[in-house]
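Here is a predicted model, taken up in short questions and answers. Each answer sets a value against the rule behind the term.

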Amino acid sequence: MANIYPKLIIDALRNVRYPGTGKDIVEMGFVSDDIHIDGMKVSFSLLFEKANDPFIKSIVKAAETAILTYVDPNVDIKGNIEVKTQQVEAPKPVKALPQVKNIIAISSGKGGVGKSTVSVNLAVALANKGYKVGLLDADIFGPSLPKMFDEEEARPFLEPIDGKEYIVPIEKYGVKMLSIGFFVNRDDAVVWRGAMAGNALKQLINDGNWGELDYFLIDFPPGTSDIHLTLVQTLAITGAVVVSTPQQVALADARKGINMFTNEKVDVPILGLVENMAWFTPAELPENKYFIFGKEGAKNLAEEMNVPLLGQIPIVQSICEGGDKGVPVALNENTITGMAFAHLADNFISSVEKRNAEKAPTQKVEIHNR
């Protein structure tokens, strides 16, 4: 019986080469310093850089063969080589916006369907009901939030907190808001590549002093761009609201928007659909409805895709005037559109609460016999 000692093991393993490098596994640092010898039983660890290294099995087999060949054929080695990895598990990212209860994506498959109008007025309607609301204008290339709140001249300032400077959101009508539009000249086009846009949004989110919020609404850019992916990968989004008009061309893109959020790579639940421009109603004839963009298209799509229809918002002249003047129509709940947005807010709150109840862990109830 051979006298086995660690150097014999090391020398034997120098005959095992890592494919494609010409170097042996000892030279490459794969052999750990935990060699243990108990009579003819030998055990040790091989340290690989990555857990998914394609050559792990072949290297382990070659190491066993080398020891049996160059040390002693009677060595008990099979199954005694432990595989370890140098790859340290990445630390879990710190949750963004820890004081925010619900992060909501408001999206549309295409532009021109009034998504920003819905975002602004939903935020105001929620604030009217006493909720703490934040609104982020994530449309880097076409920011409209400053105009819709009549705050185009506003410039957020920085506030030092615990040695770090945070952006103080502009606050109006009970809504805290940030937009890239507050940081650029309103007449200048924002010409940025996707990475720059994504980083700008991350800064507005993570460096904004949002404080405690019940709802943080994000007015997404239209379509399905990489900005959407950046946001859903950065934030734990509670759910998405998809805005569409009744038109078939808008509904086709709304389907794509729903698919983007619900596919397995994104996996964000749809809280519901909003049918904007559902019909035209003259303010002086509130009972009259003119379906100029089609009738109940988004309502039918909601039924087809088994998602809630949160609201149908009519076109009234005041909704356009309110957006241009910076006075959201949701401020006055006695108007046609004000009532529509108040109703939308109620349905939205119910949908969020239902979603949160579904994902909450079920409590085990123990029944004790007396």
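Q: What makes helix 10 a helix that lies across strands, and which strands are they?
A: Contact needs heavy atoms within 4.5 Å. Helix 10, residues 336-359, lies across strand 4, strand 10, strand 11, strand 12 and strand 13. Its direction is at about 165° to strand 13.

Q: Which strands does helix 3 lie across?
A: Helix 3 (residues 115-128) lies across strands 4, 5, 9, 10, 11 and 12. The angle to strand 10 is about 170°.

Q: What is the strand order of the open sheet?
A: The eight strands run 8-9-5-10-4-11-12-13, and the pairing is mixed. On average, neighbouring strands are turned by 25° against each other, direction ignored.

Q: How do you know that strand 12 and strand 13 pair?
A: Pairing takes at least two bridges. Strand 12 (residues 270-280) and strand 13 have five, in the parallel sense. Phe-280 has Ile-315 in strand 13 as its bridge partner.

Q: How many bridges join strand 5 to strand 9, and in which sense do they run?
A: Five bridges join them, and the strands run parallel. Val-133 has Val-175 of strand 9 as its bridge partner.

Q: In what sense do strand 8 and strand 9 pair?
A: They are antiparallel, with three bridges. Ile-170 stands opposite Met-177 in strand 9. The two strands form a hairpin with two residues between them. Tyr-173, in the turn, has a positive phi of about 55°.

Q: Why is strand 9 called largely enclosed?
A: Buried means under 20% relative accessible area. Four of the five residues of strand 9 are buried, so the rest of the structure largely encloses this strand.

Q: What makes Trp-210 and Phe-216 an edge-to-face pair?
A: Ring centres must lie within 6.5 Å, and planes over 60 degrees apart count as edge-to-face. Here the centres are 4.7 Å apart and the planes 65°. The pair therefore counts as edge-to-face.

Q: Are these two residues buried or exposed?
A: Trp-210 is at 2% relative accessible area, so it is buried. Phe-216 is at 0%, so it is buried too.

Q: How do you know that Lys-289 lies over the face of Trp-279?
A: The distance limit is 6 Å from the ring centre. Lys-289 is at 4.1 Å from the ring centre of Trp-279. The charged end of Lys-295 sits over the ring of Phe-291, 5.0 Å from its centre.

Key:
Residues numbered from 1 in each chain as written. Predicted model: local features only at pLDDT ≥ 70, side-chain atom pairs only at ≥ 80, totals over all residues. Heavy atoms only, no water. Axes fitted to C-alpha atoms, helices over the stretch in contact; angles between N-to-C directions. Buried < 20%, exposed > 50% of the residue type's maximum accessible area, 1.4 Å probe, protein only. Phe/Tyr/Trp six-rings, centres within 6.5 Å; stacked < 30°, edge-to-face > 60°. Lys NZ or Arg CZ within 6 Å of the ring centre and 35° of its normal.
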